[in-house]
Amino acid sequence: MEDCKGPLLFAFPGGSLLKIEESSSTPRVDSSLSDDLTLISTDHVLVGQCLRPPVFSFKSSHGRYLSASQLGQLTCSKEAVGPAEEWLLEGCEGGGWRVKSNLYGRFLTLQDGRLRVDADRKSVV
């Protein structure tokens, strides 16, 4: 769990990253990145904070927290952490992490290769 504190990137297969822009409260996936990770802007960075193991919050570089709704919609507009801004981290076999909404028990996923990210899956492979 200690590895998940501090600056984080949410990376998906194919090199896509979660991006949160100040002008929009809806996170999106940025697939236009090269393999050179030095080109990443602060819009790709979230700061993980352990609230109580294994519960974390994720704060954008714009001072807003990543949230999930009951229907799985992601936003990043809250200025404080409430139940919808709490996330569970689960280790994966072979390394890496799965991120699940603590309130709704749904996983953060990239849906069917589309450039849309949400938190409405009850399980992931």
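Select Arg-52 first, which lies in strand S5; strands here are DSSP runs of E of at least two residues, and helices are runs of H or I of at least four, both numbered from the N terminus. This is a predicted model, in which local features need pLDDT of at least 70 and side-chain atom pairs count only at pLDDT 80 or more, while totals for chains, interfaces and linings use all residues. Residues are numbered from 1 along each chain as its sequence is written, and side-chain values use heavy atoms, with hydrogens and water left out.

Arg-52 has a relative accessible area of 41%, so it counts as partly exposed. The scale is as follows: buried means under 20% relative accessible area, exposed means over 50%, and partly exposed is in between, with a 1.4 Å probe and protein chains only. Show what touches Arg-52: apart from residues up to four places away in sequence, the contacts are Glu-86 and Asn-102, where contact means heavy atoms within 4.5 Å.

The side chains of Arg-52 and Glu-86 are joined by a polar contact of 3.0 Å. A polar contact is a pair of N or O atoms within 3.5 Å; within protein, one must be able to donate a hydrogen and the other to accept it, and residues adjacent in sequence count only if both atoms are side-chain atoms. The C-alpha atoms of Arg-52 and Glu-86 are separated by 10.0 Å, and the two residues are 34 apart along the chain.

Stay on Glu-86, in the loop between S8 and S9. Is Glu-86 buried or exposed? Its relative accessibility is 14%, so Glu-86 counts as buried. Not counting residues up to four places away in sequence, Glu-86 touches several others, including Leu-51, Val-55, Phe-56, Val-81 and Lys-100.

Go back to S5 and display residues 46-52 together with S6. S5 and S6 run antiparallel and are joined by 6 bridges; two strands pair if DSSP finds at least two bridges between them. Leu-46 has Ser-60 as its bridge partner in S6. Through 2 residues, a hairpin joins S5 to S6.

Next, pick Phe-58. Leaving out residues up to four places away in sequence, Phe-58 touches Leu-8, Phe-10, Leu-46, Val-47, Gly-48, Arg-64, Tyr-65, Leu-66, Trp-87, Leu-89 and Val-99. Then select the largest nonpolar core, which has 16 residues; those that touch the most other members are Phe-10, Leu-46, Phe-58, Leu-66, Leu-74, Trp-87 and Val-99. At least two residues of this core come from each of strand S6 (55-60), S7, strand S8 (74-78) and strand S9 (87-91). A nonpolar core is a set of buried Ala, Val, Leu, Ile, Met, Phe, Trp, Tyr and Cys residues joined through side-chain atoms within 4.5 Å. In soluble globular proteins, nonpolar side chains tend to be buried together.

Move to S7 and show its side chains. In a regular strand the side chains alternate between the two faces of the sheet. Both faces of S7 are covered: Tyr-65 and Ser-67 are buried on one side, and Leu-66 and Ala-68 are buried on the other. Ser-67 has a relative accessible area of 4%. Beyond its neighbours within four places in sequence, Ser-67 is in contact with Gln-73, Leu-74, Thr-75, Lys-78, Ala-84, Glu-85 and Trp-87.

Bring in S8, which runs antiparallel to S7 and is joined to it by 4 bridges. Tyr-65 has Lys-78 as its bridge partner in S8. The two strands form a hairpin with 5 residues between them, and Gly-72 in the turn has a positive phi of about 95 degrees.

Colour the cysteines. Cys-76 is buried at a relative accessible area of 4%, whereas Cys-50 is partly exposed at 24%. The count of disulfides is 0, a disulfide being a pair of cysteine sulfur atoms within 2.5 Å.

Asp-43 is buried, with a relative accessible area of 19%. Setting aside neighbours within four places in sequence, Asp-43 is in contact with Leu-18, Lys-19, Ile-20, Glu-21, Ser-61 and His-62.

Finally, zoom out. The protein has 0 helices and 12 strands, and buried residues make up 38% of its 125 residues.
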